[in-house]
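This briefing goes through selected features of the structure shown below, grouped by topic.

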Amino acid sequence: MSAAPADAEQLGARLRERDLTAAPSVLNLVESRGEAARAQTAALLAAVSPAALGGEAPAHIVGVTGPPGVGKSTLLSRLAAEWRRRDRTVAVLAVDPSSRRSGGALLGDRARIERDPDDMGLFIRSSATGDRLGGLAPATRAAAAALAVAFDVVVIETVGVGQSETEVVDVADTVAVVVQPGSGDVLQFLKSGIMEIPDVLVVNKTDLGASAVRARADLGAALRSLGPTAADTAVVAVSSLSPGSGIAELVDTLDEHRAALDLPARRLRGRRRHALADFTAEHGQRGLRALGGRREAERWLATQDPSSDVATLQRALEERCA
Amino acid sequence: MPETPSPRLPEPDRPWMMRTYAGHSDAKRSNELYRRNLEKGQTGLSVAFDLPTQTGYDPDHELARGEVGKVGVSIAHAGDMRTLLDGIPLDQMNTSMTINATAAWLLALYVVAAEEHGIAAAKLQGTTQNDILKEYLSRGTYSFPPGPSMRLIADTIAYTVENVPKWNPINICSYHLQEAGATPVQEIAYAISNAIAVLDAVRDRVPQELMGSVFGRISFFVNAGVRFVEEHAKLRAMSELWDELGRDRYDVQDEKHRRFRYGVQVNSLGLTEAQPENNVYRIALEALAVTLGRNVRARAIQLPAWNEALGLPRPWDQQWSLRLQQVLAYETDLLEYPDVFEGSKVMEGLVADLVGGARQEMARVAELGGAVEAVDYMKAALVESHRERWRRIESGEHTVVGMNRFTSTEPSPLTADADGGILVVDPAVEAERREALQRWRAERDQPAVDSALRELARVAQTDDENIMPATIAAARAGATTGEWAQTLREVFGEYRAPTGVGEAAAVPSEDVSELRDEVERVSEALGRRMKFLVGKPGLDGHSNGAEQIAVRARDAGMDVVYEGIRLTPAQIAGSAAQEGVHVVGLSILSGSHAELIPSVIQALNDAGAGDIPVVVGGIIPEADAAALREAGVAAVYTPKDWDLNRMMRDIIGLVADQLDDSGAGHLGEAGRRAAGMPEGVDTAAPA
């Protein structure tokens, strides 16, 4: 098949016209790995670049992250409803970890996001991290960059406790970390610097009562003790259980962060890191492809002398792909 | 040798209550069925409601489509209940209702129907199942979030203890936990933990001096599998733990109040579609598990029919199961002895093992904050146990006669009838029910209904008022099932239970290694990882099968989108299009496939995703399967297709076929059209 950059440009044009029905095709494209698809993705990203747009894409790109079980997707369901109520269109990119063993993944977060199938203003796409570290799926950055042209809000939802999912910080304008009352580990991660300081800290499940009030106070104090930057982090308490509370305040807080932000600087930093991350990943992937893919490489390794050390094995792999 | 007294009881025991889980179509047809069943010697009623009634939707609601009168009777208002019970002596009858999210409502309808016959509520005997946690864990007919649901349960218990004192307001169900894959230890531990959550909730709503009576009214609904010795030990273990719980945690002094009372429906999970006649033996052995030992003998028994894995059983099939109970009770000498296991070392050892295991598991649930807070944990544990059970069947470690061993068979004359040996509900019932409902609404006193529902909403918003009086008033005024539930949904909100699939362990690599290679190859050709949507359209909440498919597909290396139960065709189609999946798998066990599957295919077409292949799994008779294939379904799977890896191979093959057809990556016709691309965006770059 001939790669036809014109098609990608057409997709880009539809995004620029804020045609939300382009979203599934955009995702199908940026997730595809073949040479032709990659050329088209490049063309699409060029068509929605700051150069083509004459400035940054208008959407608010929001990262929502937090440990499993903290109620992120239920919270997201409430948030999406609140944004829709304010007449903003929303794209959710939900990222789940892949199984290291099978390469497959269960993409379950859609399950808890309530939606009206006729509402074209809410787009949800789940993807898996694949081999990649850093908390994002391989195509998440490109997808966010493209959808940010057409949607008012682009949410990137990742799972983690702030250690490995560092990439979301590079892509999002505002990063919200969700915790629940009694999560002392988050305090520890913040203090020790394992976790990056979020822009907004959300204490969920405040229906749990007194412990939630305490958690909010503890987190506030911990943040203040970390110095002036951390003291700027807003702490919002919400309950996403029906009927929900604090959701409108959270949206206001996210908006305030975005309004106070030097957006071009943050996006520029993100694009540079994106380029570097893609460069790094591509070099590794190219090597793997030359070996016939991960499973083929594993099979070949299995035929090697079992007593070989790592350095020898790596040299053998290098020679094989050369 | 010391001389032994006669081992017999002075008088044989009275048999347990014999029921048949029955009901279909409308109140009139079900009433006729009940009267026939009672004539055959059945001694109690067990009402099966259809899914709209169970989940709180009227027959004319969108979600009710295809489900009205299907797995049970459709009851929309007091008039339907009156017809259902016509000619049945309610002051003598013992009626069990399998009803949960809407239990308070159906109890109210029952009370009102009795009232119309001049029978006081105090004389009514029966059971509302009313157990919401197992709905979150297994059965799926919940409506409201956990907090308000527990409040409804506590309210019905507090109300009946004072006003309908012979009623069992809740049946804590371990039954459905086993159907979801629970081991005996899990079945015991989760059921008792569930009971603790319920009792703690009621404790806040009744005076302490009533707690003994409350404890005494809590009954259980258990399961019995074919490993009947261990299953019997399980009941003895539950009895022991229950007695201890009453004494130690709730300070229940009266020993009678601490007695472990239960009804039973024996195992359906182990019934096979292959050589279905063998199920009769399984059912008989399972019935022994709950009757052999006198100390923990069931109070009420209902047995499944031999052909449940094929479709809805006919009255004759159910009669055959009732006859089994009658042979056991009236022909054998079972009821002539004291407990036959007392003093058995083996039984004591088994019970001690199970009690020990259950205590550990109960402690974990308690650590998580109790059964309500631990729903996610328990759900994941059940999915995991079920996966392990299935793995043992597939590997042959666990023998299922006629299914994975001894499979050669003569053709069965039992399934050779024109109707294939199952009950088919007249598709005209749904339209009839919709019309009847419109007449009901037109003829009632609308202002009285409006005011009753306003009062219901007011009470629901309070923390401490009991929901039952306002519910009974709404029933009297002529409100409908859907209106009652909708009023509460507006106050309480709705809920989606956890799917439990995310945490399931992976199958051993060697079992799926070839599949992974295939998925890698096809994914490489597609340009991105093969993506599979598993969907459950309609109100059917039996998600165990869909969950196992989702987990296996992940283990085979696919990216799997699974959104849980109760989705409309439009929602499923919307997800398929947005997620860019390569294949859609739908699961329906309620028998409404003929209506719902074509709707999903239509919705996929409407969403511009009509080229995505669709496969269907469920309890689907061959005639229906042919019709579905005609309507565009690529493959139909039934319980006889128990080899999940083979199913996965088919599904991968379907996606690969699409590749071959188009000669290009499968972007989706819609995607290409919408993108203005004739071809090639998703093009593979074959190495």
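Chain B has an open sheet of 5 strands in the order β2-β3-β4-β5-β6, with parallel pairing. Its edge strands are β2 (21–22) and β6 (167–168) of chain B, each of which pairs on one side only. The model is predicted: local features need pLDDT of at least 70, side-chain atom pairs count only at pLDDT 80 or more, and totals for chains, interfaces and linings use all residues. Residues are numbered from 1 along each chain as its sequence is written, while chains are lettered from A and ligands numbered from 1 in the order in which they are written.

Terms for the sheets
- Helices (H or I, at least four residues) and strands (E, at least two) are DSSP runs, numbered from the N terminus.
- Two strands pair if DSSP finds at least two bridges between them.

- Over 4 bridges, strand β4 (residues 94–98) of chain B pairs in the parallel sense with strand β5 (residues 125–128) of chain B.
- B:S96 has B:T127 as its bridge partner in β5(B).

- Strands β8 (residues 218–222) and β9 (residues 262–265) of chain B pair in the parallel sense over 3 bridges, and B:F221 stands opposite B:G263 in β9(B).

Residue B:L437
- B:L437 is part of helix α15 (residues 428–443) of chain B.
- B:L437 counts as buried because it has 21 C-beta neighbours inside 10 Å; the cut-offs are 20 or more other C-beta atoms within 10 Å for buried, 12 or fewer for exposed, and partly exposed in between, with C-beta atoms placed from the backbone.
- Leaving out residues up to four places away in sequence, B:L437 touches B:D58, B:P59, B:D60, B:A76 and B:T480; contact requires C-beta atoms, placed from the backbone, within 7 Å.

Chain A
- Chain A comes to 14 helices and 8 strands.
- Of its 322 residues, 48% count as buried.

Notes: Two residues are in contact if their C-beta atoms, placed from the backbone, lie within 7 Å.
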